[in-house]
Amino acid sequence: MYSDEVVVGQTAEFRKTVTETDVVLFAGITGDLNPAHIDEVAASASRFGGRIAHGMLSASFISTVLGTRLPGPGTIYLEQSLRFTAPVRIGDTVTARVEVAELLPKRRARLTTTVLNQNGEAVVEGEALVMVPARPPAG
């Protein structure tokens, strides 16, 4: 059995304003140099009308919540489904939110994952399966 600290319905969030530096560093780290992310002239001619952040940058904030807040340090990411529903632009403030949807055997939990922009619009939706870390007994 795993910690009583993780319960169905529990939520946690992480909020971040996406900056030019975030997008450029993410492009460099991943090698994803898609003009939609790094070339204003090309991106202006796209369906988005300007540069957008990498979808996986926004999705990575879900990992931040899982590893630092809920379930927290020691969490093992097993699966993640993602649906990108709207672009994130430089200067947008996004909030990654996870909610415990189901507790499963072997210290696993299924979580609903969402990233919202500053207007409350979903930009990423999905579901994660994680292994909840064992907590040492109190005392």
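# A guide through the predicted model

The protein exposes about 7600 Å², and carbon and sulfur atoms supply 54% of that area. These values are computed from a predicted model. Of the 139 residues of the protein, 36% count as buried. Taken along the principal axes, the C-alpha atoms fill a box of roughly 60 × 25 × 25 Å. The protein carries 13 positive and 15 negative side chains, and the centres of these two sets lie 5 Å apart.

The protein has four helices and five strands. Read along the sequence, they follow the pattern β-α-α-α-α-β-β-β-β. Among contacts between residues at least 6 apart in sequence, 65% join residues at least 24 apart.

Helix α1 covers residues 20-30 and includes D22. D22 has a relative accessibility of 19%, and because buried means under 20%, this residue counts as buried. The side chain of D22 makes a polar contact of 2.7 Å with the side chain of K16. The D22 side chain also reaches the backbone nitrogen of T19, at 2.9 Å. Leaving aside residues up to four places away in sequence, D22 touches K16, T17 and L57.

Helix α2 covers residues 35-38, and I38 is found in it. The relative accessibility of I38 is 38%, so this residue counts as partly exposed. With residues up to four places away in sequence not counted, I38 touches A27, L33 and R51. I38 and H54 are 16 residues apart in sequence, and their C-alpha atoms are 9.8 Å apart in space.

Further along comes the loop between α4 (55-68) and β2 (76-84), where P71 is found. A cis peptide bond joins L70 and P71, with omega at about 0°. Most residues other than glycine have a negative phi, and most peptide bonds are trans.

The next part to follow is the run of strands β3, β4 and β5. Strand β3 (residues 93-104) pairs with strand β4 (residues 108-116) in the antiparallel sense, over nine bridges. One of the bridge pairs is A96 with V115, the latter in β4. Strand β4 is also joined to strand β5 (residues 122-131) by nine bridges, and β4 and β5 run antiparallel. Here T113 has G126 in β5 as its bridge partner. In a regular strand the side chains alternate between the two faces of the sheet.

The turns between these strands deserve a separate look. Strands β3 and β4 form a hairpin with three residues between them. K106 counts as exposed because its relative accessibility is 68% and exposed means over 50%. R107 has a relative accessible area of 27%, so R107 is partly exposed.

The hairpin of β4 and β5 has five residues between the strands, and in this hairpin G120 takes a positive phi near 80°.

Methods
Residues are numbered from 1 along each chain as its sequence is written. This is a predicted model: local features need pLDDT of at least 70, side-chain atom pairs count only at pLDDT 80 or more; totals for chains, interfaces and linings use all residues. Side-chain values use heavy atoms; hydrogens and water are left out. Two strands pair if DSSP finds at least two bridges between them. Helices (H or I, at least four residues) and strands (E, at least two) are DSSP runs, numbered from the N terminus. Buried means under 20% relative accessible area, exposed over 50%, partly exposed in between (1.4 Å probe, protein chains only). A polar contact is a pair of N or O atoms within 3.5 Å; within protein, one must be able to donate a hydrogen and the other to accept it, and residues adjacent in sequence count only if both atoms are side-chain atoms. Contact means heavy atoms within 4.5 Å. Accessible areas come from the Shrake-Rupley method with a 1.4 Å probe; for residues, only the protein chains shown count as cover. Lys and Arg count as positive and Asp and Glu as negative; His and the chain ends are not counted. The place of a charge is taken as NZ of Lys, CZ of Arg, CG of Asp or CD of Glu.
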